[in-house]
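Colleague: I would like a close look at one part of this model, namely its aromatic rings. Please take the description step by step.

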Amino acid sequence: MLKLIFFALFLFTCSLSAKPTDETMSRADLMLKSKNKTEIFRAYNEYKNIYLRAIMNSDTKLKKRSLNGIIDAGEKLHIDVKRYKKELKKSNANSKKTAQSSSKSSKTSKKETTKNKKIKISKNKRLLSASWSGSTLVLKFSSALSSKDVNYFKIINSSKKRYRYIFDINSALGNIKTLKHKEITKIRLAQFKPKVSRMVIENSKSLKINYEIDGKTLTIDLHVKAVKAPKAIPQKKKVTKTKPIAYSKAYSKYTIVIDPGHGGRDSGAVGYKRYQEKKIVLAIGLKLRNKLKKLGFKVYMTRSKDKYIKLKKRTKYANNKNADMFISIHANSIPKTSNVNKAYGVETYFLSPSRSSRADRVAATENRAEIEDMSSFAKNNFLHFLNREKIIASNKLSIDLQQSMLSSLRSKYDNVRDGGVREGPFWILVGAQMPAVLVEVGFISNPREAKRLINKKYQGYIANGLADGVVRYFMKNQ
């Protein structure tokens, strides 16, 4: 019975990334070829994330590819993957039945299906044209856009000189040709999802990009040499930098509890030059509180000074405040005996009965202050009965916080690694009656990242990113 519940939780947990599925799959395939067990573990987790996404999107082809990856990685790591083998066998059998059934379908039904698809696309926003106006790309749509219709993010790999700037737009793609520019490596337009078109601007050097929405027009200034286009759409307004999120009375209805990890006699991790986790996360927590208050949110902190608080009292405090969100802030670390220079980056966790090696390692570190008498077996049993809706909501919150934090840091700093959104058994999140996440803001065991983490400006960029993620979450889930 527990296995069925565990499997159901995974089916409803939507693991999402800002990166396209084909790139995630390619990355997982590359990691699988490594001889390093850590890399193979990462591949195993990536395949599982893709598998969950395939189930949510009913993508049979992607499901088979991810299952093969899970099985290959699991066998290399000596993990029991019998369940995934059975699922792959069942999926192959279903595919044969579907193929036989579809071959018997009439031509009439095919025509009707095609007509229905065309009708659905025609009702959606449609990209009518894309052209250059000076250094600006001008995209014209069939109906007005709102800020919620455009999702902009970046994927930066400076070591490989690969800079990608991605726009996901709620629209159907018209008959638009690929745009070109001498100073830019590639610009691609594609129908990413049935109702989402994607533009990827890829270059070997970083670009300064600003965009603006004006009714039916989306203008994207790439700050490159002007292109003469005979059918360029004139701009109605000058392109300016994207305005920062401002105060709103609408935010005052939301209550947020910020939990700076550890404190008092519990210093948390002690890293490079004896920097203490408890001090760093408190500084970031205070900056995040001030930022959220300026935006209009009601904000409380489990601790605003160097004070020890039991883990169970932290979520109890959030419950008593009827909080809409619980954010626990921590800093990561690895033993001195390891290669401290290789471990760095930010990652976000949500509560789930995860069994990945990485999640267990981090959870073991953050759970060490737990002094309750509940046995490990009892805790694991409790995790299997977690509220499904809360897990999904916490996963969505994790994605928004992780993406916004990365975007904020990468706007000013190089070599900011995306550790991803992960699930894990963190007891500090147990008992929270609202979406709850644990954010690892970096590794204080890594010399370069530790120096950044004690810097007030760097802490400010983390806080700004987390605040933007909070706003993004509530905008999507009102």
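How many aromatic pairs does the structure hold, and which residues form the aromatic cluster that includes Tyr-254?

Modeller: This is a predicted model, in which local features need pLDDT of at least 70 and side-chain atom pairs count only at pLDDT 80 or more, while totals for chains, interfaces and linings use all residues. Residues are numbered from 1 along each chain as its sequence is written, and side-chain values use heavy atoms, with hydrogens and water left out.

The structure holds 12 aromatic pairs (rings of Phe, Tyr and Trp, the last by its six-membered ring, with centres within 6.5 Å; planes under 30 degrees apart count as stacked, over 60 as edge-to-face and the rest as tilted). One of them joins Tyr-254 and Phe-297 in a tilted arrangement, at 6.3 Å centre to centre and 35° between the planes. Tyr-254 belongs to the loop between strand S9 (217–221) and S10, and Phe-297 to the loop between H7 and S11, 43 residues apart (helices, H or I of at least four residues, and strands, E of at least two, are DSSP runs numbered from the N terminus). Tyr-254 counts as buried because its relative accessibility is 11% (buried means under 20% relative accessible area, exposed over 50%, partly exposed in between, with a 1.4 Å probe and protein chains only). Phe-297, at 4%, is buried as well.

Tyr-254 also forms a stacked pair with Phe-474, with 3.9 Å between centres and 15° between planes. Phe-474 lies in helix H13, so this pair ties together parts that are 220 residues apart in sequence. Phe-474 is likewise buried. Tyr-251, Tyr-254, Phe-297, Tyr-473 and Phe-474 form one aromatic cluster.
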